[in-house]
Amino acid sequence: MFLDEEFRLKVGLAEMLKGGVIMDVTNAEQAAIAEKAGAAAVMALERVPSDIRKDGGVARMAPIAKIREIMRTVSIPVMAKARIGHFTEARILEALGVDYIDESEVLTPADEEHHIDKRPYKVPFVCGARNLGEALRRIGEGAAMIRTKGEAGSGNIVEAVRHMRTIQKEMKQLTVLGKEELMAEAKKHQAPFELIQWVAEHGKLPVPNFSAGGIATPADAALVMQLGAESVFVGSGIFKSDDPEARARAIVKAATYFNDPAKLLEASEDLGIGMHGLDISKLAESELMQTRGW
Amino acid sequence: MVAPPSSPKRVGVLALQGDFEAHRKALAASGAEVVEVRTAAELHGIDGLVIPGGESTTMLKLLDAENLTGALAEFGRGRPIFGTCAGAILLAKGVTRPAQASLALMDIDVERNAYGRQVDSRVTHISTEPEFGERTRPPADLEAVFIRAPIIRRVGPGARVLAWYQGDPVLVEQGKHLVATFHPELTPDLRVHELFMSKL
């Protein structure tokens with residue numbers, strides 16, 4: 001029932017982005033660098049997550065003029081972020097014609113109880129998740145792509161690994177259960193029953209599952225791909241490094257050759273200094289972005 | 001029933017970026033033995049190659065960086081290649097909006113993202129030439145998924161159109177090569193993949 005025509009198109013574009021890198025950019029110049037380096041798409045936002053973390057304040061949808069300038073500059077798909085629950089930001093982005101909307105925990109939530117009902121939109125949505133229940137609630141609301149949240153702007157891969165492993169493990173567990181056990185699982189995961197049934201049958205999400213939040217090196221990108229990510233989002237990791245162009249190219253290569261150590265070695269050479277990372281265990285609970293989303 | 005004497009065809013799927021997984025499944029369902037191709041060495045021993053949908057700019061960067069462009073062009077001089085969407089862009093002779101390099105293995109020109117952006121993507125039905133049905137199976141129409149699709153603006157004298165949508169060619173063959181601007185790998189109908197398999 002959720003796999004209607006409109007939904008297939010939304011998932012279809014996510015399929016085209018597989019094995020690629022989606023890069024955060026804040027202006028046309030960065031977008032051009034990302035495209036030239038081989039990004040499969042760019043994500044337009046006002047500030048990269050590490051700056052949002054540093055500057056504080058309310059983080060909102062990017063200024064329209066900036067997004068428009070980015071859309072004019074590149075021929076690859078352009079995504080943009082809307083605040084969680086902010087359905088009018090989403091409608092504005094749809095009217096603008098962006099190719100994908102990220103209802104993102106990186107921005108300050110507009111609603112602390114509800115996400116956007118994403119089904120009536122023509123534009124597809126991607127949403128973050130830390131576990132299977134969260135992923136399936138978002139898909140139930142109409143998300144056509146899931147990305148594990150990680151911890152955005154941290155330059156630390158540990159949360160991205162935790163979230164990818166959690167989702168993979170929870171999916172595997174469902175595949176060995178009897179049909180009569182699945183309703184209890186739906187209750188446990190707080191997820192729609194029909195989606196729990198779908199995962200139990202197929203052993204995977206009904207939409208592509210990408211990874212985000214903390215990817216700073218080619219090795220990080222290859223790590224999450226080996227753990228089951230089908231593509232990677234890189235936020236602060238590129239434009240907060242020494243040499244964004246070289247790093248962007250290297251991460252693109254790593255996403256393709258994630259299983260080839262010789263190619264990963266090539267990708268890891270001559271990269272300069274990566275972004276400064278954060279020890280997530282030292283962050284206060286209120287500083288975490290991953291806990292936004294319900 | 002006695003099994004056919006010939007061994008299954010080995011078909012490569014260019015797996016640099018894009019929906020190569022969907023092609024892998026469609027080819028396997030059409031009876032091929034499928035291998036993912038990421039290096040020039042992996043082109044050896046395959047009977048044909050599929051270039052999937054995805055971002056043609058990303059694929060071009062990786063082709064160049066890994067010195068695969070020449071190897072692919074060489075492969076295409078001897079063996080069949082089937083390109084969908086981004087793959088069709090890579091096989092075309094001319095590319096516009098913006099102009100970019102290509103393998104130029106087919107005498108067609110394409111305009112990228114010619115229908116618009118994602119909100120202009122669509123699932124629809126297209127009409128095929130009688131020849132398509134004769135070489136595969138009925139019915140004459142085909143479900144087609146267009147995603148940020150290119151439009152074929154010119155078809156050279158050596159190329160043949162096998163299906164149309166809104167007056168534009170969307171499935172074109174030239175000798176052993178085949179291109180579709182839509183995504184047959186995203187629909188359960190296997191006829192376009194079977195047509196390609198028949199060329200191996």
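Reply: What follows goes through the contact between the chains, then the pockets, then the cavities. The model is predicted.

Start with the contact itself. On the side of chain B, 35 residues are in contact with 35 residues of chain A. The area buried between chain B and chain A comes to about 2,800 Å², and carbon and sulfur atoms give 56% of it. Within chain B, the residues that lose the most area to chain A are Arg117(B), Gln118(B) and Val119(B), which together make up 23% of what that side buries.

The elements of chain B that give two or more residues to the side touching chain A are α2 (56-65), β7 (122-128) and β8 (141-146). Of these, α2(B) gives the most, with four residues. Sorted by class, that side of chain B has eleven nonpolar, twelve polar and twelve charged residues. The count of salt bridges between the two chains is five. One of them joins Asp99(A) to Arg148(B), whose closest N and O atoms are 3.0 Å apart.

The largest pocket holds about 1,200 Å³ of space. Its lining has 43 residues, and those nearest its centre are Glu15(A), Lys18(A), Lys204(A), Glu21(B) and Lys25(B). Elements giving two or more residues to this lining include α1, α7 (158-175) and α9 (193-202) of chain A, and α1 (20-29) of chain B is also among them. The largest share, six residues, comes from α1(B). By class the lining of the largest pocket divides into 22 nonpolar, eleven polar and ten charged residues.

The second largest pocket has a volume of about 330 Å³. It is lined by 18 residues, and the closest to its centre are Arg249(A), Ala250(A), Lys253(A), Lys61(B) and Ala65(B). Two or more residues each come from α2 (28-37), α12 and α13 (261-268) of chain A and from α2 of chain B. Here α12(A) gives the most, with six residues. The lining of the second largest pocket has eight nonpolar, no polar and ten charged residues.

Last, the cavities. A search of the whole structure finds five cavities of 30 Å³ or more. The largest cavity has a volume of about 200 Å³. It is lined by 23 residues, and the closest to its centre are Asp24(A), Pro49(A), Ala152(A), Gly213(A) and Gly235(A). By class, the lining of the largest cavity has nine nonpolar, eight polar and six charged residues.

The second largest cavity contains about 110 Å³ of space. Among its 13 lining residues, Gly54(B), Glu55(B), Cys85(B), Asn113(B) and Arg148(B) lie nearest its centre. Arg148(B) is also the partner of Asp99(A) in the salt bridge described above. At least two residues of this lining come from α1 (5-16) of chain A, and at least two from α4 (86-91) of chain B. The lining of the second largest cavity divides into seven nonpolar, three polar and three charged residues.

Key:
Residues numbered from 1 in each chain as written. Chains lettered and ligands numbered in written order. Predicted model: local features only at pLDDT ≥ 70, side-chain atom pairs only at ≥ 80, totals over all residues. Heavy atoms only, no water. Contact = heavy atoms within 4.5 Å. Buried area = accessible area lost by both parts, 1.4 Å probe. Salt bridge = Lys/Arg side-chain N within 4 Å of Asp/Glu carboxyl O. Nonpolar A, V, L, I, M, F, W, Y, C, P; charged D, E, K, R; others polar. 1 Å grid on protein atoms, 1.4 Å probe; cavity = no way out; pocket = protein on both sides within 12 Å on 5 of 7 lines; lining within 4 Å. Points joined across faces, edges and corners; volume = space filled by probe spheres on them.
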